[in-house]
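Let's take a walk through this model together, one region at a time.

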Amino acid sequence: MEKDAEESNNNIMGMDAVRGRWILIILGMILNLCLGTIYSWSVFVTPLTTYFTTQLGQVVNANEILLPFSVFLAFFAIAMPFTGKYIEKYGPRNMVIVGGLLTGLGWLLSSFANSVEWLYIFYGVIAGAGVGVAYGVPVAVASRWFPDKRGLAVGLTLLGFGFSALITANIAGYLITVSGVMNTFRVFGLAFIILTILLALPLRFPPVGWTPAGWTPAAPAPGQETLCELMRDEMVRTRSFYALWICYFIGCLAGLMAIGISKPLGVEVGVEATLATTLVGVFAVFNGFGRPVFGFLTDHLTPRNTAVISFILIALASLLVMVMPSVTVYILAFAILWGCLGGWLAIAPTTCGTYFGNLDYPRNYGLLFLAYGAGGIVGPQLAGFIKTTTGSYLGVFPYVLALALVGMALAGALLRPPRVEVEQKS
């Protein structure tokens with residue numbers, strides 16, 4: 001494995017360095033386009049409800065149909081910290097192939113599910129874990145190759161994940177209409193297996209100690225906390241980690257809740273069903289562009305200020321839906337919520353590298369990413385519970401508004417780099 005990694009590094013260093021590292025960003029972007037199909041889940045909600053009710057005679061409610069989405073997100077997040085160390089051991093290429101195979105297998109097996117419970121296992125556990133194995137790899141690759149533009153590079157890499165619904169929601173909607181919801185699972189599964197293997201082949205880390213030509217790390221400004229390289233057990237002893245984790249959780253809860261209910265809430269406020277599916281793709285544009293935009297802001301405005309901006313936008317979007325639940329407000333608010341979720345998926349990994357360094361980055365960000373999984377469980381299930389008990393998804397937004405205000409205060413007060421005493425070794 002080590003020899004293979006060394007040969008791969010030599011090969012890419014044979015290319016022009018600048019061109020070579022941008023090619024890796026493009027590959028990571030396309031890979032995330034495949035992995036991000038989870039964001040099209042709202043397109044599957046109504047067809048799955050109809051399938052289990054009419055074809056199998058099973059009565060299912062909103063909570064049960066949203067639960068595979070939540071289980072997927074949970075195992076997506078759980079797999080991240082457990083696989084972080086293996087990225088270093090086996091290399092980016094091998095980890096993406098393993099993750100792609102698991103993801104495709106989960107989608108394929110889902111096409112044979114004869115109950116919602118099997119979807120929890122096939123789609124939620126297997127496909128979710130597969131995405132968790134693969135997702136962190138292009139992020140880690142981008143962070144290593146772009147220490148000079150970390151926020152922008154990570155944001156661009158994750159652009160594909162956010163953009164995924166723009167393409168996959170419409171493909172899924174077409175396939176469901178033509179061949180049924182279960183055949184759609186099968187087509188996606190086969191496509192993911194083939195594409196992720198092909199996209200994984202060129203992925204690699206730069207040689208140890210490599211930096212872009214002509215670049216040197218900027219010295220901290222006078223009075224600024226010392227930036228550091230922390231292992232995971234050191235990171236969890238800092239206040240900065242917990243502040244970032246909670247902020248990440250709030251940002252993801254709001255965004256993943258919105259993604260899970262985008263289509264049904266759109267129909268609820270008066271959007272025609274076909275247009276609601278199209279709008280999922282439109283929202284994906286905001287989700288996608290939210291990543292490089294907020295990544296760029298994180299590089300230039302500091303993580304703390306960028307986080308506060310995100311929470312202000314989330315609060316405003318929630319307030320708009322609460323006060324004026326109309327088609328126009330729905331479109332505006334959900335564009336903001338999708339965009340801010342994309343933003344947090346750039347803010348958090350960029351901040352992780354900036355605050356805690358690259359030395360143990362895959363494991364550090366893997367642990368931080370559990371906040372995404374927690375948000376993925378709480379957000380959609382809160383939405384499903386409120387829908388089941390009140391008959392409407394609109395009751396979700398007062399909770400999101402309150403959490404955004406908490407996040408705003410927390411980020412403003414506590415989201416700072418850790419203070420670490422640098423020991424001089426003799």
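## A walk through the helices

Start at Tyr 365: setting aside neighbours within four places in sequence, Tyr 365 is in contact with Met 80, Tyr 135, Tyr 248, Leu 345, Ala 348, Pro 349 and Cys 352. Contact here means heavy atoms within 4.5 Å. Before going further, some ground rules: this is a predicted model, in which local features need pLDDT of at least 70 and side-chain atom pairs count only at pLDDT 80 or more, while totals for chains, interfaces and linings use all residues. Residues are numbered from 1 along each chain as its sequence is written, and side-chain values use heavy atoms, with hydrogens and water left out.

Of the 135 residues in the largest nonpolar core, Tyr 39, Tyr 248, Tyr 365 and Tyr 372 touch the most other members. A nonpolar core is a set of buried Ala, Val, Leu, Ile, Met, Phe, Trp, Tyr and Cys residues joined through side-chain atoms within 4.5 Å. As for the word "buried", it means under 20% relative accessible area, with exposed being over 50% and partly exposed in between (1.4 Å probe, protein chains only). The biggest contribution to this core comes from H6, with 17 residues. Helices, by the way, are DSSP runs of H or I of at least four residues, numbered from the N terminus.

Now hop from Tyr 365 to one of its partners, Met 80. Met 80 sits in helix H4, and it counts as buried because its relative accessible area is 4%. Leaving out residues up to four places away in sequence, Met 80 touches Gly 132, Tyr 135, Gly 136, Tyr 365, Gly 366 and Phe 369. For a sense of scale, go from Met 80 to Gly 412: they are 332 residues apart in sequence, and their C-alpha atoms are 28 Å apart in space.

Next, look at Ala 371 in helix H16 (residues 370-390). Is Ala 371 buried or exposed? It counts as buried, because its relative accessibility is 0%. Not counting residues up to four places away in sequence, Ala 371 touches Trp 245, Tyr 248, Phe 249 and Cys 252. Its C-alpha is separated by 9.3 Å from that of Gly 251, 120 residues apart along the chain.

On to H13, which has 21 residues and reaches 30 Å from its first C-alpha to its last, close to the 30 Å expected at 1.5 Å a residue. That expected span is 1.5 Å times one less than the number of residues. Buried residues of H13 include Phe 311, Ile 314 and Val 321, and the buried set packs against helix H11 (239-268), helix H12 (273-301), helix H14 (327-356) and helix H17 (397-414).

Leu 301, Ile 309, Ile 312, Leu 313 and Leu 316 make a nonpolar surface patch of about 360 Å², the area coming from the Shrake-Rupley method with a 1.4 Å probe, where for residues only the protein chains shown count as cover. Patches are made of residues with over 30% relative accessible area and no salt bridge; like charges are joined within 9 Å, and nonpolar side chains (Val, Leu, Ile, Met, Phe, Trp, Tyr) within 5 Å. H13 (residues 303-323) gives the most to the patch, with four residues. One of the patch members, Ile 309, has 33% relative accessibility and so counts as partly exposed.

Both ends of H13 deserve a glance. In the loop between H12 and H13 lies Thr 302, with phi near 80°, a positive value in a residue other than glycine. Most residues other than glycine have a negative phi. In the loop between H13 and H14 you'll find Pro 325, which is in contact with Leu 320 and Leu 394, leaving aside neighbours within four places in sequence.

Finish at H17, which has 18 residues and reaches 25 Å, first C-alpha to last, close to the 26 Å expected at 1.5 Å a residue. Its buried residues, among them Phe 397, Leu 401 and Leu 410, pack against H11, H13 and H14.

Technical notes
Salt bridge = Lys/Arg side-chain N within 4 Å of Asp/Glu carboxyl O. Helix = DSSP H or I, 4+ residues; strand = E, 2+ residues; numbered from the N terminus.
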